[in-house]
Amino acid sequence: MLMEKIDLERTEDTPKVLLDAENRLFEIEGRSLPENAVEFYMPIINWLKEYSELQNNNIVFNFKLEYFNTASAKQITKLLIVLQQLSENMDIKINWHYYRDDADIMSSGMRFAKLIKANIDLVPYDD
């Protein structure tokens, strides 16, 4: 069964989100400071849970965040915990991309990597 794709355009306050089961593309990119982080991330978390029930394909999930607020960090943690749970039954790889000079985003990735028992790779990039 094919799942409905989530494809949200980036705004000033919300990241671009692409969850595409057919092409196996999973990414969140940009700035995350939505007015209601729970409301913004809940469909993403629920989509991943549903994906795991319908699919057993491997996932490579790319995070490429420039900035996120505390409320978003809590929801990103929940999302990562779902990915950790999925990793018990499928191969999950998480790429945490950060601009090479951005120590804050890099250290956030390191904190998440310690918190989550899943494969998180820190991936530096240049502009």
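Reader: I'm new to this structure. Which residue forms a salt bridge with aspartate 126?

Author: That's arginine 100, and the closest N and O atoms of the two are 3.0 Å apart. Keep in mind that this is a predicted model. The general idea is simple: side chains of opposite charge can pair when their charged atoms come close.

Reader: Where do aspartate 126 and arginine 100 sit in the chain?

Author: Aspartate 126 is in the segment after β6 (119–125), while arginine 100 is in the loop between β5 (92–99) and α3 (103–115). The pair links distant parts of the chain, 26 residues apart.

Reader: Is aspartate 126 buried or exposed?

Author: Aspartate 126 counts as exposed, because its relative accessibility is 53% and the exposed class starts over 50%. Arginine 100 has 45%, so this one is partly exposed.

Reader: How many salt bridges does a search of the whole structure find?

Author: Four. Another one joins the side chains of glutamate 66 and arginine 10, at 2.7 Å from N to O. Glutamate 66 lies in strand β4 (residues 59–68) and arginine 10 in the loop between β1 (6–8) and β2 (16–20), so this pair ties together parts that are 56 residues apart in sequence. Glutamate 66 is partly exposed at 37% relative accessibility, and arginine 10 is partly exposed at 38%.

Reader: And what does lysine 16 form with aspartate 7?

Author: A salt bridge too, with the closest N and O atoms 3.7 Å apart. Lysine 16 is partly exposed, with 24% relative accessibility. Aspartate 7 also counts as partly exposed, at 40%.

Conventions
Residues numbered from 1 in each chain as written. Predicted model: local features only at pLDDT ≥ 70, side-chain atom pairs only at ≥ 80, totals over all residues. Heavy atoms only, no water. Buried < 20%, exposed > 50% of the residue type's maximum accessible area, 1.4 Å probe, protein only. Helix = DSSP H or I, 4+ residues; strand = E, 2+ residues; numbered from the N terminus.
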